[in-house]
Amino acid sequence: MVDGLHAIIITDRDGVPVLKVADEHLPHAAMQPRLLATAAMAVEQANKLGVSNNKNIITVYKNHQLISINRQPLIVNMIANANANTGLILSLEADMQEPLDDICAALELH
Amino acid sequence: MMTQGIEQIPDSLGYLMLNEDGAVIASGGQLENGEKIANKLMHLIRIAIKMPTSDERASSFKKITVMWKTFMYVITFSNHRVFICKRQTNSPEPIAV
Amino acid sequence: MMEKSIEKLMDEIMTNPGVNGVVCTDAQGLVVAAQGVGRKSTGGQMTGVLDLARDLHPDVKDEPIVCIESDAGSLLLKSCDGITIGIHKTNS
């Protein structure tokens with residue numbers, strides 16, 4: 001759907017993957033649990049800055065970008081090329097509303 | 001094949017008629033068997049259709065025009081079909097409907 | 001400095017008849033400045049549509065203009081030097 005978007009990983013607030021989709025271009029480092037755990041921690045810390053809850057964090061690296069959308073109790077992480085359309089990736093959240101609600105509902109049952 | 005007169009549009013360089021999934025139902029002119037361009041256009045349409053054009057939320061009917069100096073694509077929707085026409089830009093008279 | 005000149009230009013665009021919103025985004029699809037209806041706009045879609053339009057005919061040198069019309073209003077898109085401009089117009 002979006003050029004240069006390699007993976008969407010939905011994690012819980014600790015960075016444990018709940019759902020993952022990725023293509024073959026994904027960098028190895030992105031698959032390490034450390035990256036997702038750190039992203040989750042960053043969202044948690046950003047919530048505490050006294051400027052209301054954090055909505056999303058965009059982290060840009062040399063070749064890739066990580067977009068973490070805070071959607072309590074879940075975090076939607078998207079990994080894309082550094083030059084990919086950040087705005088378009090952010091707008092994907094609106095399309096994911098329904099499945100995200102379903103996942104939330106399923107998590108609350110357990 | 002029902003193309004609803006799309007092949008009669010003046011200054012037309014080619015046309016495509018797609019279903020909602022982007023499959024080619026009819027084609028002609030420069031766009032004959034234009035599966036590749038149909039896919040690209042469908043990708044564009046899926047994003048464009050969601051864009052707000054005004055303050056009001058519900059604005060059902062849409063028309064999309066992609067223009068270059070010498071030609072353009074005019075895209076519209078009717079009866080679960082996507083109609084695409086490639087036209088020459090320098091046409092003095094509008095299309096008579 | 002740059003924001004000042006962009007905003008001045010956008011004020012100028014807003015004075016045109018029928019214009020009720022302007023948006024300006026960078027190549028990454030992030031909104032640089034917006035006015036009127038444009039404030040609600042998602043910049044990513046604007047840049048995305050233009051990137052796809054350019055990709056239809058990569059051999060054609062001039063920049064495509066995209067116009068999205070509905071019965072309520074229209075949105076005109078064009079990019080120049082990595083900046084995309086979207087102009088919202090009412091249908092009157």
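The model is predicted, and in it C:D81 has a positive phi of about 50 degrees although it is not a glycine; its place is in the loop between β4 and β5 of chain C. These two strands belong to an open sheet of ten strands to which chains B and C both contribute, and helix α2 of chain C packs on that sheet.

**The sheet of chains B and C**

- The order of the ten strands is β2(B)-β1(B)-β5(B)-β4(B)-β3(B)-β3(C)-β4(C)-β5(C)-β1(C)-β2(C), and the pairing is antiparallel.
- At the edges stand β2 (24-29) of chain B and β2 (31-36) of chain C, each of which has a single partner strand, so one side of each is left without a neighbour in the sheet.
- From one strand to the next, the twist averages 10 degrees.
- Where the two chains join, β3(B) and β3(C) pair in the antiparallel sense over six bridges, and B:V66 stands opposite C:V66 in β3(C).
- Within chain B, eight bridges join the antiparallel strands β4 (residues 71-78) and β5 (residues 81-88); B:I75 has B:I84 of β5(B) as its bridge partner.

**Helix α2 of chain C**

- The helix covers residues 43-56 of chain C, and its 14 residues should span 20 Å at 1.5 Å a residue, which agrees with the 20 Å that separate its end C-alpha atoms.
- Ten of the 14 residues of α2(C) are buried, so the helix is largely enclosed by the rest of the structure; among them are C:G43, C:M46, C:V49, C:L50, C:L52 and C:A53.
- On the sheet, α2(C) touches β3 (62-67) of chain B as well as β1 (19-25), β2, β3 (65-70), β4 (73-80) and β5 (83-90) of chain C, and its direction makes about 75 degrees with that of β1(C).

**Contacts of chain C with its partners**

- Between chains C and B, 27 residues of chain C are in contact with 24 residues of chain B.
- On the side of chain C that touches chain B, two or more residues come from each of α2, β3, β4 and β5 of chain C, and α2(C) gives the most, with seven residues.
- That side of chain C divides into 13 nonpolar, nine polar and five charged residues.
- The contact of chain C with chain A takes eleven residues from chain C and seven residues from chain A; here too α2(C) gives the most to the side of chain C, with six residues.
- By class, the side of chain C that touches chain A has one nonpolar, nine polar and one charged residues.

**Chain B as a unit**

- Chain B has one helix and five strands, which follow the pattern β-β-α-β-β-β along the sequence.
- Of its 97 residues, 32% count as buried.
- Among the contacts in chain B with a separation of 6 or more, 37% are between residues 24 or more positions apart.

**Further backbone details**

- B:D11, a residue other than glycine, has a positive phi near 60 degrees; its place is in the segment before β1 (12-19) of chain B, and with 16 other C-beta atoms within 10 Å B:D11 is partly exposed.

Note on methods. Residues are numbered from 1 along each chain as its sequence is written. Chains are lettered from A and ligands numbered from 1 in the order in which they are written. This is a predicted model: local features need pLDDT of at least 70, side-chain atom pairs count only at pLDDT 80 or more; totals for chains, interfaces and linings use all residues. Helices (H or I, at least four residues) and strands (E, at least two) are DSSP runs, numbered from the N terminus. The expected span of a helix is 1.5 Å times one less than its number of residues. A residue is buried if 20 or more other C-beta atoms lie within 10 Å of its own, exposed if 12 or fewer, and partly exposed in between; C-beta atoms are placed from the backbone. Two residues are in contact if their C-beta atoms, placed from the backbone, lie within 7 Å. Ala, Val, Leu, Ile, Met, Phe, Trp, Tyr, Cys and Pro count as nonpolar, Asp, Glu, Lys and Arg as charged, and the others, Gly among them, as polar. Two strands pair if DSSP finds at least two bridges between them. Axes are lines fitted to C-alpha atoms, for helices over the stretch in contact, and angles run from 0 to 180 degrees between N-to-C directions.
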